[in-house]
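Please look over the sequence and the model below before reading on.

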Amino acid sequence: MREQLTQSDVEKIEKEIEYRKLVVRKEAIEAVKEARAHGDLSENFEYHAAKRDKNQNESRIRYLERMLKTAEIVSDQSAENEVGINNTVTVYFEEDDETEVYKLVTSVRGSSLNGRISIESPMGKALLGHKEGDRVFVEVGPSAGYYVVIRSIENTGESEEDTIRKY
């Protein structure tokens, strides 16, 4: 499956890759050299920890580069009164008589614990493109789902805390 990314997501990923290559990689190589100088490698915990950290950094770089190579670029522009990427949406759950607030984001920035839901999630797919006051069916299975009502839409744009999720 191809990740859906906005141009802003691509720029953030490129910055992270550059930082990891120029700063983290250099620090990791130095840590391995320093730990290797401590002697016997078979029982040298510092060496194994430094090596593990270096390998994790390299894996993250490869993962991000692969993500960029296969990504589908999507627009974060939407009509003023329509749910789109980076919009904050107040949703009323009919069955529970509760109201929740969500920000729709691309999957790499999704964090349900922080109120950011992916446009690829069932809720995100259902809300995308709808207007305030619309009653929307959220499909969660072949014959299961629930209705929500869109109470309000705010075009909040992106903020600094909308970072790329770390895997």
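Val-91 has Ile-150 of strand β7 as its bridge partner. This is a predicted model, in which local features need pLDDT of at least 70 and side-chain atom pairs count only at pLDDT 80 or more, while totals for chains, interfaces and linings use all residues. Residues are numbered from 1 along each chain as its sequence is written, and side-chain values use heavy atoms, with hydrogens and water left out.

| Strand paired with β7 (residues 144-155) | Sense | Bridges |
|---|---|---|
| β3 (residues 87-93) | antiparallel | 7 bridges |
| β6 (residues 135-141) | antiparallel | 6 bridges |

Is Thr-90 buried or exposed? Because its relative accessibility is 16%, Thr-90 counts as buried, a term that means under 20% relative accessible area, with exposed over 50% and partly exposed in between (1.4 Å probe, protein chains only). Leaving aside residues up to four places away in sequence, Thr-90 touches Thr-99, Glu-100, Val-101, Val-149, Ile-150, Arg-151 and Ser-152, where contact means heavy atoms within 4.5 Å.

Helix α2 (residues 45-70) has 26 residues and spans 37 Å from its first C-alpha to its last, close to the 38 Å expected at 1.5 Å a residue; the expected span is 1.5 Å times one less than the number of residues. Among the buried residues of α2 are Tyr-47, Asn-57, Glu-58, Arg-60, Ile-61 and Leu-64, and the cover over the buried residues of this helix includes β1 (4-5) and α1 (7-36).

The protein chain has 3 helices and 7 strands, in the order β-α-α-β-β-β-β-α-β-β from the N terminus on. Its radius of gyration is 21 Å, well over the 15 Å that the globule rule gives for 167 residues, so the chain is more spread out than a compact globule; the radius is taken over C-alpha atoms, and the rule is 2.2 Å times the number of residues to the power 0.38. Along its principal axes, the C-alpha trace spans about 70 × 30 × 25 Å. Of the 167 residues, 40% count as buried.

Terms used. Helix = DSSP H or I, 4+ residues; strand = E, 2+ residues; numbered from the N terminus. Pairing = 2+ DSSP bridges.
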